[in-house]
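Subject: Structure handover

Hello,

The structure I promised is below. My notes on it follow.

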Amino acid sequence: MSEPGTLVQDDQPLLVADHLGKNYGRLTACRDVSFALYPGEVLAIVGESGSGKSTLLQLLSAQLAPTGGCVSYRMRDGVLRDLASLGEAERRFLFRTDWGYVHQDPAQGLRMAVSAGANVGERLMAVGWNHYGRIRDTASSWLERVEIDTARVDDAPRTYSGGMRQRLQIARNLVTEPRLVFMDEPTGGLDVSVQARLLDLMRNLVSELGLAAIVVTHDLAVARLLSHRVMVMKGGRVIETGLTDQVLDDPREPYTQLLVSSILPV
Amino acid sequence: MNAPAYNFAYLDEQTKRMIRRAILKAIAIPGYQVPFASREMPMPYGWGTGGVQVTAAILGPDDVLKVIDQGSDDTTNAISIRKFFGKTAGVATTTSTTDATVIQTRHRIPEAPLHAGQVLVYQVPIPEPLRFLEPRETETRRMHALGEYGLMHVKLYEDIARFGHIATSYAYPVKVNARYVMDPSPTPKFDNPKMDNCPALQLFGAGREKRIYAIPPHTDVVSLDFEDHPFTRYRFDAPCALCGAGDSYLDEIVTDDKGGRMFVCSDTDYCEQRQQAGHRGSESAAPHKERAHV
Amino acid sequence: MTAMIDITNAEKTFTMHMQGGVELPVVRGVSFQVEPGECVVLSGPSGAGKSSILKMIFGNYRCDGGRIGIRHRGAVIDLVTAEPRQVLSVRRSTIGYVSQFLRAVPRVATIDVVAEPLIANGFARAKAREQAGALLRRLNIPERLWALPPSTFSGGEQQRVNIARGFISDLPILLLDEPTASLDAANRAVVVELIGQKKRQGVAMVAIVHDDEIRHLIADRIVDVTSFAAAA
C-alpha cells in the first residue's frame, strides 16, 4: 500500500479551522468546518464543483473573510493567531513568505511576461534580497529542483509548456521555504502523463521539505497520491473525513461511496 | 487673444486652491501620488497638461518663468507653454536657469545647479512606477501603502537578465525619503542624482492620470539598484560639439544621410552660457564644416 | 501484556448506499492476540473476511466496534479510536503491510519504490538504495529493471517489488496478504526464508496464505476466521 511521504511529527497544529462558514446572502457556500492541520501534513479537500471546496480554500488562506468561525495559524514565533486579527501587511507578508498558493491556472500565479528567474526571484526581492547574482543562482537551483532546464532561466513562462509553467509556479512558491502550501486543483488542465510527473515531483518536494499542504481537488487519484488525510465536501459541508486510504477504500457516506464508485477503471 | 478675458494664469481661483491643496499634501508626504481633479486644458494630453496646471496654481505676478522641453527652451512645446503663461498671467519669462523662479520641464533637469527658492515643475505622462508589472491601480496603491517594492526590483532584474546590465535609461525609479518609490518622469537617469538633496522644490504633475507628487527641498532621493549592479549614470562619451562641455547630458544630432552626427548639450541655456563665456567645441568655430566633406 | 497485537470483539459492517443501503456484515467478535516473533495465519474460505481483518489491523478499514490494541513505541494504542495522525505514526514505525497488489506512483524507479519506507524513516538515500538493491537481488529482480517504474512489470515481478518494499523496514509488526500468490517455487522459498528471518528478529506477523504447503512452513498458529463470521 503506497503511502504519501514522511509525516513530520509535531504536537502543535499549524492551522486550525474552527466552525468556519461563509454565506453569500441566503446562499451558504460553506458551513461549520472545523479541523486542525499539523506541520508536514497533507490534507486533500475533495468534492464536486460547487461543493464549497474552493470557497473553503479561500477562507483558509485568508483571501476571503468568513461570515462565521475563524482560522488560526501558528506563526513562525510559535504563537497561534486568528488570521482575522492580522493586519493587511502581516497577512500579505505571510502570503509571500510562510505560505505558498498554487493556482490551477499557472497564468494566475505567474508573471507571464517576465523571465522565469524573476518569477522565482520575486519573493526573495520582496524580502529584501538585493544581489542579482545570488537571486539568479537561487532561482536556477529551484528550476533544477522542479526539473526545468536552467538554460531557460531567462525565458518568460509564456514560452513554456503547461506542465513547465505549473512546475515554475511551484518553484516560485517554494523559494522562500514556506511551511504551508495551498493548492487549487494543481493538476487540472494538464495531460495525464504531465500530471503524473507533476504529482511525483510535488510528493517528493512535500516530503523533503516537510511541507504542510491543503490540496483542493476533484480527482481522487490526486488525493490518494498526495494526501495523508481527506475531507469530503458536499453542499458546503464536510460530510466525511479520515485517513485518505480509509475514506477511499472504506467510504461510509452515500455521497463518498458514489464519488469512489464513479472513478472510471483504466 | 485677449488676456483680460482669462483669470490670472488661466485657471479659476477655486481650481488653483484645489491644486495647491494637493501640492501641499504632496510636499507633506514626499513621493506619494496625490489624486487631484485635473482640468481640461487648452492643449492635448501629453503636451504637459499636468505640469501646466501645477505651474498655473503656484505662479504669482512676480515670478519669472522658464519652460524647457528635453532641455531646450526653443522647441514648439516649450515656446507655446511659455507664451501661454505670458498671455494669461503676464509674467516675465526667461531662458536662464539661474534667473527663473519657476521652471516647467519635460524630460530634463537643467545642468546649472538649482538654488533655494526655485520650483521645478515636471510634466509626467505615467506617474505610477509599478505600472509596468502591475496593471491594477488598487493593487499598486496597496503596494505603496505597505511599502511592498519587490516588484520594482523585478523590473530591474529583467533588464539585467535581458541586456546584461540595467538598461532602463530614463524614468529610472527612485526611493524618496526612504519611503515611497517614485517615477521621476521620463528624465534620463543621468539626471537622477540631481534630484537628491536638491535645494529647489520639485513638483510633478500628471494631467491625464490626475496625480501630483513632490520632492521637498533637501530630501534624500536614491536610485534603486542591485549590490552587484549598482546605479550608474550614462552619457555619450564625447564633449559637446558646440561648447566643449564634458559633463553635460548630450543629444545626438544626425547631420546628413551619410552617417554624419554630432553631440551637443541637450540643455540649450547651459550650452549658450558656456559659449558666451568663451568655451568652444569642435563644430562651433567652423559651423559649415560638414559641407566641406561633400 | 506482551502481545504486539491484541484484538477484542472487533467488528465490521459495510453499508452499501449505492445498493439502497444494504447492510453487509463482514466480521463480528474478532478476538485474538499475536506475540512478538509469532506468525499467525488467518484461515477460512474466500469471503470469510480474512482480508478485512488484515485491513482493520492496518487501520485501512474503520471498525464499527471493539478494540484493536497495537503496541506502538512502548505503549498500547487502540486503532479503533486513534486519531488519523496516530494511525499514520503507527504505520510508519510499527506496522508494515504487504498487499497482493502494488500501488506505486507512476514514473518512480523500482529501486526508489523499495527504498522509500527507509528514506521516510530517516535513512540516507544512498544507504536505503543499497539495502533495496540487496533485497531486490535476493528476490531475483534483475538489476537492469531497477531504474524502471514497476508499473510495466509482470504480475509476479510487481509482487516481488511489493514484498521487497514491505520487508525492507525493521517494523515490529508485518501484515501479509497472500505474499506468495503468484510466485514460482524458487521465489516462494525466498519469501518463506524472509518470513523466518523476521520471526527470529521478533517480528509479529499476521498472514493470509492459501497455499497449504506455505502455510505449514510459516504458521505458528492458525486462527479460523469462520468463527468470526457475522450472521446476516
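Two residues are taken to be in contact if their C-beta atoms, placed from the backbone, lie within 7 Å. By that criterion chain B and chain C do not touch, and their nearest C-alpha atoms are 34 Å apart.

This is a predicted model, in which local features need pLDDT of at least 70 and side-chain atom pairs count only at pLDDT 80 or more, while totals for chains, interfaces and linings use all residues. Residues are numbered from 1 along each chain as its sequence is written, and chains are lettered from A and ligands numbered from 1 in the order in which they are written.

Confidence

The predictor gives the complex an ipTM of 0.87 and a pTM of 0.87. For chain C the mean pLDDT (the predictor's confidence in each residue, from 0 to 100) is 91, and 98% of the residues reach 70 or more. Helices (H or I, at least four residues) and strands (E, at least two) are DSSP runs, numbered from the N terminus. Within chain C, confidence is lowest in helix 3 (residues 110–120), with a mean of 90, and highest in strand 8 (residues 204–208), with 96.

The contact between chains A and C

There are 2 pairs of chains in contact, and chains A and C share the most contacts. Chain A puts 26 residues into this contact and chain C 22 residues. On the chain A side, helix 7 (192–209), strand 10 (237–243), helix 9 (244–249) and helix 10 (254–261) each supply at least two residues. Helix 7 of chain A has the largest share of that side, 5 residues. For residue classes, Ala, Val, Leu, Ile, Met, Phe, Trp, Tyr, Cys and Pro count as nonpolar, Asp, Glu, Lys and Arg as charged, and the others, Gly among them, as polar. The side of chain A that touches chain C then has 9 nonpolar, 9 polar and 8 charged residues.

Domains in chains A and B

Domain bounds come from an automatic or database domain assignment. Chain A is divided into domain 1 (1–98 + 178–266) and domain 2 (111–177), with C-alpha centres 25 Å apart. Between them, 14 residues of domain 1 of chain A are in contact with 14 residues of domain 2 of chain A. On the domain 1 side, helix 2 (88–97) and helix 7 of chain A are the elements that give two or more residues. Helix 7 of chain A gives the most to that side, with 7 residues. The domain 1 side divides into 10 nonpolar, 2 polar and 2 charged residues.

Chain B is divided into domain 1 (3–223) and domain 2 (235–285), and the C-alpha centres of these two domains lie 27 Å apart. Their contact takes 14 residues from domain 1 of chain B and 8 residues from domain 2 of chain B. The side of domain 1 of chain B has 4 nonpolar, 6 polar and 4 charged residues.

Chain C and the cores

Chain C has 7 helices and 9 strands. Its radius of gyration (over C-alpha atoms) is 18 Å, close to the 17 Å that the globule rule (2.2 Å times the number of residues to the power 0.38) gives for 232 residues, so chain C is as compact as a globular protein of that length. The C-alpha atoms of chain C fill a box of roughly 50 × 40 × 35 Å, taken along the principal axes.

A residue is buried if 20 or more other C-beta atoms lie within 10 Å of its own, exposed if 12 or fewer, and partly exposed in between, with C-beta atoms placed from the backbone. Of the 232 residues of chain C, 43% count as buried. A nonpolar core is a set of buried Ala, Val, Leu, Ile, Met, Phe, Trp, Tyr and Cys residues joined through C-beta atoms within 7 Å. The largest such core has 203 residues, and those with the most contacts inside it are Ile45(A), Ile23(B), Leu203(B), Ile212(B), Val114(C) and Ala164(C). Helix 5 (residues 150–163) of chain B gives the most to this core, with 7 residues.

Ala9(B) has a positive phi of about 65° although it is not a glycine. Ala9(B) is found in the segment before helix 1 (13–28) of chain B and is buried, with 24 other C-beta atoms within 10 Å. Asn177(B), also not a glycine, has a positive phi of about 55°. Asn177(B) lies in the loop between strand 6 (174–176) and strand 7 (180–182) of chain B and counts as partly exposed, with 16 C-beta neighbours inside 10 Å.

Regards
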